[in-house]
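I opened this entry to keep track of what I looked up in one structure.

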Amino acid sequence: MATSIYDLVSPRLVAKRWNENTKEREPFYGEALFSPKKQLGIDIDSITGNKPSPRPLNLSTFDSKVIPLSREAFEKITMRMPFFKNSYNLDETQRQELNKVVASGNQTYIDAVMNIYYNDTDNLLANADITREIERMMILTTGNIAFENNGVAVAYDYGITNKSTPNWSTASTADPVSDIETFLDTVENASGVRPTRLLMNSVTLNKIRKIDSVRLAILKDNSNVFVSKAQVISYLQSELQVTIVIYNKGYKDISTGTFTKFVPDDVISVYPDGYIGEGVFGTTPEESDLMSGATSAQVSIVDTGVAITVTKETDPVNVATKVSMIYLPTLNDPSSIGIMSVNFGD
């Protein structure tokens, strides 16, 4: 049985609980697109630009020098990864209450009170999880990452140049299938790889569902019958030879208090199968400097590179639990991704 709150407030126990809960959590969609990677330091090198399409080798003669090819299409960019950290503190009053709980020896009571603490810490780790997905979906739906809060601003441009703004505001004349197919051709010509995934949310799909060319293609001559979203998905997948991904998850925006979707309305992203990039974790100061045990801080790592740090403070007496993360995604080939910002006229 625990003899003090320091036996209970432990990063090892926090990490164990989070890892167990993660097994039951449905992963964010972006986790399947960006493979996790850990590195030392806070700077990463990213290659951006349009990848040239495959071409035949140049003919040569024996005993002649090799013919070099240009890499002018590529640009190496070094980016400094953003640093995130937040904490919850157990102050002197809360610490005294927890000491009473521990002294009671009532394990049921101890578990009930500690669940409050662990839930708070779980929220910090969930915030880190959401932050990573915000970054990944920003890239896919805007081509950029931009954050500004707490007096700090960061911005990254990923060099996605395949962008389109089709006008589907008139339901009787709009032709989404033709426009999307043309855009897929554009991305394929730029990258040599044809996109096989279309990402959008349900609001965007519902607007496509109401366009005449889509309705009539599905219903033939019976235009007054209801068209379901499932029918629209099946039709688009068949016509375009792609997989439609409908993604409606989001988060609560701390600045406005409103629900914000990871994938905005009226945006369609196209990209190929498999990983399109890496989710790179830097080494936090907590991991690089505090895990050695040279201080009173205790550190555990979850989710590849998120640090949980518990520190005993002496004046005022409290226990601080901090979650910190250095994270930034990279793209394998920006030219293989395309973003459509659709004008639906509403």
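**Entry 1: a covered helix.** I looked up helix α6 in this predicted model and found it mostly covered, with 7 of its 8 residues buried. I wrote down the buried ones: S202, T204, L205, N206, K207, I208 and R209. Next I asked what the buried residues of α6 pack against.

**Entry 2: V203.** I then checked V203, which also sits in helix α6. Its relative accessibility is 30%, so V203 counts as partly exposed; the cut-off for buried is under 20%. Leaving out residues up to four places away in sequence, I noted that V203 touches K261 and D265. I also looked up V203 and V267: they are 64 residues apart in sequence, and their C-alpha atoms are 9.8 Å apart in space.

**Entry 3: the sheet.** Which strands form the open sheet, and in what order? I read the order of its 5 strands as β7-β17-β12-β8-β9, with mixed pairing. At the edges I found β7 (163–164) and β9 (243–246), each of which pairs on one side only. I reminded myself that strands of a sheet pair through backbone hydrogen bonds, either parallel or antiparallel. In β17, I found I339 as the bridge partner of S269.

**Entry 4: helices on the sheet.** I noted that helix α8 (residues 229–240) packs on the sheet, where it touches β8 and β9. The direction of α8 makes about 145 degrees with that of β9. Helix α6 (residues 202–209) lies across β8 (197–200), β9 and β12. Against β8, I noted that α6 runs at about 105 degrees.

**Entry 5: α6 against α8.** Two packed helices are described by the angle between their axes and the distance between the axes. For α6 and α8 I have an angle of about 85 degrees, and axes 10 Å apart. An angle from 65 to 115 degrees counts as roughly perpendicular, so I put α6 and α8 down as roughly perpendicular to each other. Which residues meet in this contact? From α6 I listed S202, L205, N206, I208 and R209; from α8 I listed K229, V232, I233 and L236. Sorted by class, the contact of α6 with α8 has 5 nonpolar, 2 polar and 2 charged residues.

**Entry 6: two positive phi values.** Most residues other than glycine have a negative phi, and most peptide bonds are trans. I found D303 with a positive phi of about 50 degrees, although D303 is not a glycine. T304 is not a glycine either, and has a positive phi of about 75 degrees. I placed D303 in the loop between β14 (298–302) and β15 (306–314). T304 lies in the loop between β14 and β15 as well. Buried or partly exposed? I have D303 as partly exposed, with a relative accessible area of 22%, and T304 as partly exposed at 37%.

**Entry 7: confidence.** Last, I looked up the pLDDT of the chain: the mean is 84, and 81% of the residues reach 70 or more. Over residues 71–76 the pLDDT is below 50. I noted that this stretch, 71–76, has 14 contacts in the model beyond near neighbours in sequence. Where pLDDT is low, the predicted coordinates should not be read in detail.

Definitions and conventions
Residues are numbered from 1 along each chain as its sequence is written. This is a predicted model: local features need pLDDT of at least 70, side-chain atom pairs count only at pLDDT 80 or more; totals for chains, interfaces and linings use all residues. Side-chain values use heavy atoms; hydrogens and water are left out. Two strands pair if DSSP finds at least two bridges between them. Helices (H or I, at least four residues) and strands (E, at least two) are DSSP runs, numbered from the N terminus. Contact means heavy atoms within 4.5 Å. Axes are lines fitted to C-alpha atoms, for helices over the stretch in contact, and angles run from 0 to 180 degrees between N-to-C directions. Angles under 35 degrees count as roughly parallel, over 145 as roughly antiparallel, 65 to 115 as roughly perpendicular and the rest as oblique. Ala, Val, Leu, Ile, Met, Phe, Trp, Tyr, Cys and Pro count as nonpolar, Asp, Glu, Lys and Arg as charged, and the others, Gly among them, as polar. pLDDT is the predictor's confidence in each residue, from 0 to 100. Buried means under 20% relative accessible area, exposed over 50%, partly exposed in between (1.4 Å probe, protein chains only).
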